[in-house]
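Subject: Handing over a structure

Hello,

Please open it first and keep it beside you as you read.

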Amino acid sequence: MEYMEIYNQWLNDPYFDAETKAELSSIAQDTAEIEDRFYRRLEFGTGGLRGVIGAGTNRMNIYTVRQATQGLANYIISQGGQQKGVAIAYDSRRMSPEFADEAALCLNANGIKTYRFESLRPTPELSFAVRELGCIAGIVITASHNPREYNGYKVYWEDGAQITPPHDKNILAEVANVTEFSQVKTMDKQAAQAQGLYETIGSGIDDLYMEQLKKQSIHPELIQKAAKDIRIVYTPLHGTGNLPVRRVLKELGFAHVYVVKEQELPDGAFPTVAYPNPEDEKAWTLALELAKEVDADIVLATDPDADRLGVYAKDTKTGEYVSFTGNMSGMLMAEYILRERTATGTMPENPALVETIVTTDMAKAIAADYHTALIEVLTGFKYIGEQIKLFEQEHTYQYVFGLEESYGCLAGTYARDKDACVAVMMLCEVAAYYKLQGKTLWDAMLAMYEKYGYYKEGLATLTLKGIDGAKQIQEKMSDARSNPPKTLGGLRVLAVRDYKEDIRKDLVSGETAPTGLPASNVLYYELENNAWCCVRPSGTEPKIKYYFGVKGTSLEDAQQKLEALKQDMLK
């Protein structure tokens, strides 16, 4: 069916409400906009849905949410899991509460009980709730750190992690089979509540989640000593982090926590930021102004669903605040956890540090220093969460810490997804530890560079929207696959890993071997002098992503090497 035919169907079918039809009528003369909204169904990827909010098959709306949920319901029923139920959370984005309700009522109409949070909650708390309540699955309505016009729908399985094989492919197939809206069930909310299918949850889960966060603290006594001296500025960027982050810091004893007032309350319009992402330096303007006013030691920001943490820390020599990448803050926490667990005798047997293939290689050096296994997985925290399950099932390793470069990490196994709330707590404890030694987090980072090497990483993205953009992204990946470079940034390419074809080819010896990881449209180049590059399409946005990593002899040397690598790769 052509896109104009589907557009007219939405305009005339009584299934669609008046508001939807009015929105579609307003674009009647804009053929390009109609095409973009209807040229395809919004793709249900291996994590779920993510797209621009609006009317149309290629948009996030109550109809596409119901359609996806019907596919999920069909799969849950096929697994005999309807009695276990599904936990549902949502963030501060526009339409999040409505989408959460639509998902719940579709599941209820299929005889599946739901546990819906009473108000917005962080994504990691949903991960915790799935396991705590013994659910078969979980849903969180969020577009994470995407621009304000987006929303999304992420699916979790009973282990508390986002869906991984075989469930991801099986759910994808079930969703694809729901081709008509007539296949989609829903029911009245009051009827669902009366039948015990729709249950509201809240403070009880909050309390249990909070206890698990505090259990990750290694030295609560150090926090008590430094709590009155350390000054923390925090912004939830209009998202879900405000209450849980402030609560855990208060209960641990941190006395001076200053919240950015203009960004404190949830607001899906994100009025103070164009892009609610702690990776974007423009999102930090207000927080850094407040930090200078109160002479903060550490400045923190969480994204709308509070699973990513951004950090600035004071450089006492210049008085300026230094930006930390996710790799830098992750390494500070990883080293602290490994060192202090070793020193206190609380390190488990066969400990493991887990990271994605595009995360810093400093992790390898730290893991080796503390005799800890280093496990690499594909990009996406769901693969880190999956490792926790596999460790438990196979009795191989015990998970200690996991991280990815994009500002996500998890200490502990109470959840199976990245958690900015625990990251805030751990990093503030690390800051307290160094504060008692008269050092800042930046001093600590410089000491790590001196000890392990000046590792530096970067990321560049190319945005290509629409039908043509999607084709260009595939063409670029195909071209890179067919014509691997011999050098990048003046460095020889020693090996190429093609995760889609599951082949690692050594360009020196000519030997090939499997990558050992699941199939994924990713190319990874191993370069001489401990450098590397990686390229992959984004799973959530119309972008192609380029990752780079080097090891230098100084910060300046590392930056120069990184820039040369970046420029050459982008050619």
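Below I go through the aromatic pairs, the nonpolar cores and the cavities.

This is a predicted model, in which local features need pLDDT of at least 70, side-chain atom pairs count only at pLDDT 80 or more, and totals for chains, interfaces and linings use all residues. Residues are numbered from 1 along each chain as its sequence is written, and side-chain values use heavy atoms, with hydrogens and water left out.

Let's start with the aromatic rings. A search of the whole structure finds 22 aromatic pairs (rings of Phe, Tyr and Trp, the last by its six-membered ring, with centres within 6.5 Å; planes under 30 degrees apart are stacked, over 60 edge-to-face, the rest tilted). Y15 and F16 are an edge-to-face pair, because their planes stand at 90°, with ring centres 5.3 Å apart. Y15 is partly exposed at 29% relative accessibility, while F16 is buried at 3% (buried is under 20% relative accessible area, exposed over 50%, partly exposed in between, with a 1.4 Å probe and protein chains only). Both belong to one aromatic cluster, together with Y7, W10, F38, Y63 and F181.

F324 and W442 also pair edge-to-face, with centres 6.0 Å apart and planes at 80°. F324 lies in strand 11 (residues 321-324) and W442 in helix 17 (residues 441-452), so the pair ties together parts 118 residues apart in sequence (helices, H or I of at least four residues, and strands, E of at least two, are DSSP runs numbered from the N terminus). F324 is buried at 1% relative accessible area, and W442 is buried at 11%.

The largest nonpolar core has 125 residues, of which L300, F401, L441 and Y525 touch the most other members (a core joins buried Ala, Val, Leu, Ile, Met, Phe, Trp, Tyr and Cys through side-chain atoms within 4.5 Å). Helix 16 (residues 420-435) gives this core its largest share, 14 residues. Apart from it lies another core, of 48 residues, including L49 and V65.

Last, the cavities: there are four of 30 Å³ or more (sets of points on a 1 Å grid over the protein atoms alone where a 1.4 Å probe fits but cannot get out; lining residues have an atom within 4 Å of a point). Grid points are joined across faces, edges and corners, and a volume is the space filled by probe spheres set on the points. The largest cavity holds about 80 Å³, and its lining includes T325, N327, M445 and Y449.

Happy exploring!

How values were computed:
1 Å grid on protein atoms, 1.4 Å probe; cavity = no way out; pocket = protein on both sides within 12 Å on 5 of 7 lines; lining within 4 Å.
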